[in-house]
Amino acid sequence: MSVLSLALLLAAAPASAKVPGADAGNCATSLIGTPLTIPEYSAATQKMLDEDIAIAEAALRIAPDREDSHIWYGRRLDYAGRICEAVDAFSAGIEKFPNSYKLFRFRARDLTRARRFKEALADYEKALELMGDVPDSFEPDGMPNPIGLTISTYRGNIVYYHAQTSFATGDYPTTVSGMAKSLALAADFARDDMRVPTAYWTYIAYRKMGEHAKARTAIDAIEPGLKLIENFTYYQAVQIMQGRLDPADFKDSRDSTIKFAIAMERRFAGNEVGARTLLAEIIRENPQGHWPSEAELAEPNRKAR
């Protein structure tokens with residue numbers, strides 16, 4: 001969008017309209033007490049993020065009675081790393097649209113990122129309840145993959161992220177069952193892309209449960225040479241856990257998905273010092289931390305209650 005178009009849109013928005021999300025809330029501290037901050041982006045990226053938020057804010061002021069206005073305002077805040085503001089924005093949307101499974105789905109994701117895991121799980125469950133028998137549909141990407149093809153659906157994402165968030169509370173059986181359900185919901189063309197992350201989390205959950213044979217079966221089901229659309233780092237992480245890739249080749253990686261896999265392999269092998277060192281490094285490298293690593297450091301023996 002041009003600067004002139006943006007200016008015209010902002011000018012059209014009523015100045016008196018209340019836009020939610022001004023309060024950053026409590027997103028300042030990780031589960032292990034380290035500070036969390038909004039990421040610093042390049043000037044060009046920050047300009048794009050700010051413009052996207054300004055456009056979404058103007059759209060919300062112009063059309064506060066549209067569900068999408070609330071969804072995209074919250075999502076744009078999320079993309080900029082303003083997680084608790086995004087939670088506030090989705091909450092304001094839910095006040096207007098209490099039967100919106102989409103708003104509950106998106107708020108749940110940011111509640112997870114805000115380390116409010118039980119509330120996030122409740123939101124995912126509410127989203128599924130509200131969705132009921134509504135036909136599934138592809139979820140629009142705010143940050144498309146390189147080929148611009150959306151691969152995930154609303155129901156699939158709700159089930160997948162509920163299962164992933166259950167890892168934080170130590171509910172590993174729900175992680176395993178939920179990952180299987182989310183894979184079953186994947187579109188045929190996106191099935192391989194979903195096989196990889198679901199195998200990743202299923203393997204780790206089974207290992208946490210002491211079900212090592214089941215874990216090995218789950219991870220070894222992922223064959224080499226998959227043609228993926230976007231889940232490339234998950235695929236590398238899976239191959240590390242399979243033993244097909246050498247963790248030493250990733251010593252300079254800053255990818256949290258890969259490093260978490262290596263850290264967990266260290267823990268499962270009994271190298272507790274090495275695991276904790278790498279988990280702490282993952283958190284330190286990310287301005288907004290990494291909640292799976294934080295959960296593993298804060299309460300490695302957690303169980304769902």
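The points below treat helix pairs and selected residues of a predicted model.

1. Helices H5 and H6. Helix H5 (101-113) packs on H6 at an angle of about 165 degrees, the axes being 8 Å apart. H5 is therefore roughly antiparallel to H6, as an angle over 145 degrees counts as such. The crossing of this pair is left-handed. On the H5 side the residues are Tyr101, Phe104, Arg105, Arg107, Ala108, Arg109, Leu111 and Thr112, and they meet Phe117, Glu119, Ala120, Asp123, Tyr124, Lys126, Ala127, Leu130 and Met131 of H6. Sorted by class, the contact of H5 with H6 holds ten nonpolar residues, one polar residue and six charged ones.

2. Arg115. This residue sits in the loop between H5 and H6. Most residues other than glycine have a negative phi. Is Arg115 buried or exposed? Arg115 has 15% relative accessibility and counts as buried, because the cut-off for that class is under 20%.

3. Helices H6 and H7. The axes of H6 (residues 117-131) and H7 (residues 154-168) come within 9 Å and cross at roughly 155 degrees. H6 and H7 are therefore roughly antiparallel to each other. Their crossing is left-handed. From H6 the contact takes in Phe117, Ala120, Leu121, Tyr124, Glu125, Ala127, Leu128 and Met131; from H7 it takes in Tyr154, Arg155, Ile158, Val159, Tyr161, His162, Thr165, Ser166 and Ala168. In terms of class, H6 with H7 gives twelve nonpolar, three polar and two charged residues.

4. Thr169. The loop between H7 and helix H8 (172-184) contains Thr169. Apart from residues up to four places away in sequence, Thr169 touches Phe117, Leu121, Arg302, Lys303 and Ala304.

5. Helices H9 and H10. H9 (residues 191-209) and H10 (residues 212-220) pack at about 170 degrees, with axes 8 Å apart. This pair is therefore roughly antiparallel as well. H9 contributes Ala199, Tyr200, Thr202, Tyr203, Tyr206 and Arg207, while H10 contributes His212, Lys214, Ala215, Arg216, Ala218 and Ile219. The contact of H9 with H10 has seven nonpolar, two polar and three charged residues.

6. Val238. Helix H11 (residues 232-242) holds Val238, which counts as buried at 0% relative accessibility. Leaving out residues up to four places away in sequence, Val238 touches Val196, Tyr200, Ile219 and Ile222. Tyr200 and Ile219 are also part of the contact between H9 and H10. Val238 and Phe260 are 22 residues apart in sequence, and their C-alpha atoms are 11 Å apart in space.

7. Met264. This residue lies in helix H12 (residues 256-268) and is buried, with 0% relative accessibility. Met264 is in contact with Ile204, Lys208 and Glu296, its neighbours within four places in sequence being left aside. The C-alpha atoms of Met264 and Met241 are separated by 9.1 Å, the two residues being 23 residues apart along the chain.

8. Glu296. Helix H14 (residues 291-298) contains Glu296. Which side chains make polar contacts with the side chain of Glu296? One is that of Lys208, at 3.0 Å, and another is that of Arg302, at 2.8 Å. Glu296 is buried, with a relative accessible area of 0%. Beyond residues up to four places away in sequence, Glu296 touches Phe167, Tyr172, Lys208, Phe260, Met264, Arg267, Leu279 and Arg302. Among them, Lys208 is also in contact with Met264, and Arg302 is touched by Thr169.

Notes:
Residues are numbered from 1 along each chain as its sequence is written. This is a predicted model: local features need pLDDT of at least 70, side-chain atom pairs count only at pLDDT 80 or more; totals for chains, interfaces and linings use all residues. Side-chain values use heavy atoms; hydrogens and water are left out. Axes are lines fitted to C-alpha atoms, for helices over the stretch in contact, and angles run from 0 to 180 degrees between N-to-C directions. Helices (H or I, at least four residues) and strands (E, at least two) are DSSP runs, numbered from the N terminus. Angles under 35 degrees count as roughly parallel, over 145 as roughly antiparallel, 65 to 115 as roughly perpendicular and the rest as oblique. A crossing is left-handed if the near helix is turned anticlockwise from the far one by less than a right angle, and right-handed if clockwise. Contact means heavy atoms within 4.5 Å. Ala, Val, Leu, Ile, Met, Phe, Trp, Tyr, Cys and Pro count as nonpolar, Asp, Glu, Lys and Arg as charged, and the others, Gly among them, as polar. Buried means under 20% relative accessible area, exposed over 50%, partly exposed in between (1.4 Å probe, protein chains only). A polar contact is a pair of N or O atoms within 3.5 Å; within protein, one must be able to donate a hydrogen and the other to accept it, and residues adjacent in sequence count only if both atoms are side-chain atoms.
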